[in-house]
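I opened my notebook today to look through a structure one step at a time. Come along and check each entry against the picture.

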Amino acid sequence: MDIRNVQKTGNMHYVYMPTAWCKKNKIASDSKVAIEMNNDGSLTIHPQLVEKKSKELKLTIDEDDHSIIQKLIIAAYINPASSFKINLEKKLDFTNLLQQRKLISLELVELGKNSITCDSSIQVSNASALLNTMIRKVRNMLIVMLKNYNKELLERYEEEIDRSQLLIEKSVIDSLTFTRTSKLKSIDLYYISNISKDLEKMVDRLINIDKKETKFLQEVLDVMDFLKKILTNALDEKNSSLDYKTAIDFIKKVEAMKEVKIADLQTNEQMRLKQYLVAVSETLIDWSITKRLED
């Protein structure tokens with residue numbers, strides 16, 4: 001291994017490339033090279049500019065189980081393919097497939113007679129912005145439940161939150177594969193993914209809470225306000241911070257919510273909702289310790 005000193009001019013840091021390598025690859029003063037940031041923190045220098053292209057995904061399945069097919073469509077959608085096509089060897093009732101809730105959130109997916117296609121899968125890169133947007137939508141949903149209980153609007157919010165969670169997963173996978181570089185560290189992407197999954201599951205319970213449960217809904221809104229404040233600081237690109245004491249305060253906030261004893265379907269939904277908030281609090285404390293070790 002060749003060890004070289006890092007030099008600095010102004011705000012710029014640089015190292016000299018090996019002369020032998022430059023000669024071998026015909027690198028001159030007017031040449032351009034490609035620099036790739038890897039997930040392990042290392043850099044790779046390519047002697048030629050190589051444009052990476054997303055792959056087309058083609059699959060063939062002999063299945064008619066709607067649940068399995070839905071999961072396959074979601075997996076194809078969130079991965080960084082430029083397009084995908086799933087050929088079906090069995091006849092399928094697309095009417096039933098379209099009733100699968102998560103598929104409502106997928107744009108550009110077309111169901112044909114013998115295939116399922118997506119010709120232009122969107123590219124997303126900013127998982128932190130998507131998570132902030134998701135939290136705002138959850139807060140807005142809670143405000144609607146408290147002030148103007150509109151079932152149609154609530155269902156629309158639920159669909160949008162499902163979509164946000166899918167886009168976060170897509171962004172995280174994009175960033176962790178060869179196709180896209182993220183400003184976030186891999187461990188931050190991991191925690192963002194976990195939080196978004198638990199929030200999406202929480203909303204599945206939230207929409208079933210009776211509008212009369214105003215005290216409980218207000219408690220959830222207060223918790224979401226606190227979470228929004230914490231994540232705004234944690235995801236700040238210039239001055240990211242997540243103190244373990246703040247994470248402990250969030251744990252206490254969740255634990256202080258009304259004690260729920262299961263007596264009927266309504267209390268069961270409340271208990272499960274709180275369990276997902278507890279899961280978010282556990283992710284936050286884990287994340288805060290990781291950041292503490294990075295300091």
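Here are my entries, in the order I looked things up.

**Entry 1: confidence.** I began by noting that this is a predicted model. I looked up the mean pLDDT of the chain and found 85, with 87% of the residues at 70 or more. Where is confidence lowest, and where is it highest? It is lowest in helix 3 (residues 94–98), with a mean of 65, and highest in helix 8 (residues 244–255), at 96.

**Entry 2: helix 5.** Next I turned to helix 5, which runs over residues 151–176 and has 26 residues. I looked up its span, first C-alpha to last, and got 38 Å, close to the 38 Å expected. Which residue caps its N-terminal end? I found Asn150 there, with a side-chain oxygen 3.1 Å from the backbone nitrogen of Glu152.

**Entry 3: Tyr157.** I stayed in helix 5, where Tyr157 is found. Leaving out residues up to four places away in sequence, I listed what Tyr157 touches: Lys137, Asn140, Met141 and Val144. I also checked Tyr157 against Ile207: they are 50 residues apart in sequence, and their C-alpha atoms are 9.5 Å apart in space.

**Entry 4: cysteines.** How many disulfides does a search of the whole structure find? My search came back with zero.

Technical notes
Residues numbered from 1 in each chain as written. Predicted model: local features only at pLDDT ≥ 70, side-chain atom pairs only at ≥ 80, totals over all residues. Heavy atoms only, no water. pLDDT = per-residue confidence, 0-100. Helix = DSSP H or I, 4+ residues; strand = E, 2+ residues; numbered from the N terminus. Expected span 1.5 Å × (residues − 1). Polar contact = N/O pair within 3.5 Å; in protein donor to acceptor, adjacent residues only side chain to side chain. Disulfide = S-S within 2.5 Å. Contact = heavy atoms within 4.5 Å.
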